[in-house]
Amino acid sequence: MTALNQANLTQLDDAVATPSYPRDRITPGIVHFGVGGFHRAHQAMYLDTLMNRGDALDWGIVGVGVMPGDKRMQAALAAQDHLYTLVVKHPDGEYQPRVIGSIIDYLYAPDDIETVLETLADPRIRIVSLTVTEGGYNFHHVTGEFDLDNADVQHDLASPQTPRTTFGIVIEALARRRARDIAPFTLMSCDNIQGNGEVAHKMFVAYARARDPELGAWVEAEVRFPNSMVDRITPVTTAADIDEIAERFGLEDRWPVVCEPFTQWVLEDHFSLGRPAFETVEVQVVEDVIPYELMKLRLLNASHQALTYFGYLAGYRYAHEVCQDRTFVDFLLAYMNREATPTLSPVPGVDLDAYKHTLIARFANPEIKDTLARLCAESSDRIPKWLVPVIRERLAQDGDIRLSAAVVASWARYAEGVDEQGEPIEVVDRLKASLMAIAQRNRDEPTAFIENRQLFGDLADDERFRAAYLDALERLHRDGARACVEHLIGA
C-alpha cells in the first residue's frame with residue numbers, strides 16, 4: 001500500500017494519472033471557500049487539467065475552511081501534501097483514477113484568522129471562489145434580503161478584524177486591499193443558486209454596507225461577481241470508496257473524491273484581474289449564463305427533488321435504483337417536459353430533449369451510488385430555489401403544476417419522519433425541528449406545510465396549487481408513493 005503524498009507519486013500504480021507539472025513552481029492565484037467533494041471534482045480538476053498542459057501555474061488554489069467540519073478536511077489534505085485522488089466512475093464499472101495537484105494549501109480560519117486575511121490581501125490572489133452550499137449565503141428565503149440578525153454576522157460587524165463568517169473574512173480582506181491600494185479580487189460563486197453571482201453580489205455588498213457604508217459603496221462599484229453554472233454529480237465519499245481505491249490501485253488516500261464522467265461549467269467572462277484560460281479545457285465562457293443556469297436548476301436539480309422523496313418513501317435508497325424503475329423515469333420525464341421546459345428560454349447550443357435523456361442516464365449510473373438521503377438533505381434550501389420558481393412561472397402561464405405540487409407534497413410526507421414500511425427517516429435540514437413539527441399535522445391540517453410562508457410565500461393562497469398539493473398528499477397517505485406517481489403520470 002502506497003500512501004498518497006508528493007514523494008510517493010512516482011511509486012503509484014500505472015493506472016493512476018499523476019500531475020505532470022512541477023508543483024513547487026505553483027504560486028497562489030485563487031482562494032476557495034468550501035473545499036468539499038464538488039470543488040475537488042470540478043474547479044480544482046479544471047485547473048489541474050490546465051496545469052498538466054503547462055498553463056495556469058500562477059493560479060494555484062489555497063483552500064479556506066470556516067465551518068467546524070472543515071478541520072478534518074484540512075488535516076487530511078495536509079497529511080498528503082494537499083494531493084487527493086479523483087476517481088471517475090463509469091456506468092460499465094470502469095474506474096478512472098487521477099491525482100489532482102492544483103490545491104497547494106488549506107487554511108482553517110478559526111485557528112489563524114490573521115493568516116487567512118493576509119493571504120486574501122496578497123496581490124497575487126485575483127479570484128476568490130465559493131462552494132458554500134445554498135444555505136451559505138445567509139439570505140431570507142422569502143424576502144431574499146441578507147440576514148443581519150445572524151449571531152455570527154453580528155459578531156463580525158462588532159469585531160471586523162477577527163471575523164468568523166465568509167462575509168466578514170472576505171470584506172475585511174477587501175478593506176485591507178483598498179487601504180493598501182491593491183485592486184480587489186473577483187468573487188466567483190460556484191454554488192447551485194439561480195443567479196449565483198448576483199446573489200453573492202447582493203449579500204456581500206449588504207454586509208459591507210452594514211459594516212461601513214463607504215466601504216459598501218466601494219465593493220458595489222469595484223468588485224465583480226460573475227454568474228456561473230456548474231454540474232457534476234459528486235456523492236459523499238464513503239469508507240467503502242476509500243477501501244475500493246486501496247484495493248484496486250494500492251493507494252492510501254485519506255479523502256478521495258468519486259464522481260460521474262459528465263462535467264459542465266458555464267462561466268460569465270466578468271473578471272477584473274484576469275482568469276485562467278478555462279475555455280481551453282471545455283469550460284463554456286459566455287456573456288450570459290442565465291439560460292444554461294435555469295436549464296440545470298429546473299431540469300437537473302429540481303428533478304433530483306422529484307425523484308428523491310417519492311423514491312425514498314417507496315423503499316429505494318439510491319438514485320440509480322429509482323432511475324432504473326420505468327414508473328419513476330416516466331414521472332421525471334413528465335415533470336421535465338410538461339412543467340419545467342415551458343419555463344425555460346432557448347439555450348444556445350443545447351438540444352434540450354437530448355439533455356433531459358442524458359440526465360436520466362446520469363441518474364441511473366449504478367457506480368455512483370448517490371444516496372437518496374443526500375439528495376433529501378437540506379430541502380428547505382433547495383425546494384424554494386429550484387422548484388418553487390417553476391411553480392410560480394407555470395401559475396403565471398396558466399399552465400399545469402400538478403407534478404411540481406406533488407413533489408412538494410412528497411417532501412411534506414417525507415418530513416413526517418417515517419417511510420411507508422414504518423421505518424424512521426433521518427431528516428437532515430437546518431429547519432428540521434420546525435419542519436417535522438409542522439409535518440406531524442399533515443393529516444389533520446393538510447395545508448399546514450405549505451402555509452409556511454418562510455419557504456413558500458403566498459403559494460398556499462393559490463387555489464390551483466393548493467388543490468393539486470392536497471390531492472397528491474392525500475394519495476400519498478392513502479395509496480403510497482408508487483400509486484401516487486402512477487396516477488400523476490396517467491393524469
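Visitor: Which residue is the bridge partner of Phe33 in strand 3?

Guide: In this predicted model, Phe33 has Val64 of strand 3 as its bridge partner.

Visitor: How do you know that strand 2 and strand 3 count as a pair, and how do they run?

Guide: Strand 2 covers residues 28-33 and strand 3 covers residues 60-65, and five bridges join them. Pairing requires at least two bridges. Five bridges meet that requirement, and therefore strand 2 and strand 3 are paired. The two strands run parallel.

Visitor: What makes strand 7 a partner of strand 2 and of strand 8?

Guide: Four bridges join strand 2 to strand 7, and four bridges also join strand 7 to strand 8. Val31 stands opposite Val128 of strand 7, while Ser129 stands opposite Met188 of strand 8.

Visitor: In what order do the five strands form the open sheet, and which are the edge strands?

Guide: The order is 6-3-2-7-8, with parallel pairing. Strand 6 (103-108) and strand 8 (186-189) are called edge strands, since each of them pairs on one side only. On average, neighbouring strands of this sheet are turned by 25° against each other, direction ignored.

Visitor: Which helix packs on the sheet, and which strands does it touch?

Guide: Helix 6 (residues 166-179) packs on the sheet and touches strand 2, strand 7 (127-130) and strand 8. The direction of helix 6 makes about 155° with that of strand 2.

Visitor: How do you know that both faces of strand 7 are covered?

Guide: Ile127 and Ser129 are buried on one side, and Val128 and Leu130 are buried on the other. In a regular strand the side chains alternate between the two faces of the sheet. The term buried is used for a relative accessible area under 20%.

Visitor: Why is Lys369 called partly exposed?

Guide: The relative accessible area of Lys369 is 43%. Buried means under 20% and exposed means over 50%, so Lys369 falls in between and is partly exposed. Lys369 lies in the loop between helix 13 (352-363) and helix 14 (372-376).

Visitor: Why does Glu378 count as partly exposed?

Guide: Glu378 has 26% relative accessibility. Because this value lies between the limits of 20% and 50%, Glu378 is partly exposed. Glu378 is placed in the loop between helix 14 and helix 15 (383-386).

Visitor: What is phi of Lys369, and what is phi of Glu378?

Guide: Phi is near 50° for Lys369 and near 55° for Glu378. Most residues other than glycine have a negative phi. Lys369 has a positive value although it is not glycine, and Glu378 likewise has a positive value without being glycine.

How values were computed
Residues are numbered from 1 along each chain as its sequence is written. This is a predicted model: local features need pLDDT of at least 70, side-chain atom pairs count only at pLDDT 80 or more; totals for chains, interfaces and linings use all residues. Side-chain values use heavy atoms; hydrogens and water are left out. Axes are lines fitted to C-alpha atoms, for helices over the stretch in contact, and angles run from 0 to 180 degrees between N-to-C directions. Contact means heavy atoms within 4.5 Å. Buried means under 20% relative accessible area, exposed over 50%, partly exposed in between (1.4 Å probe, protein chains only).
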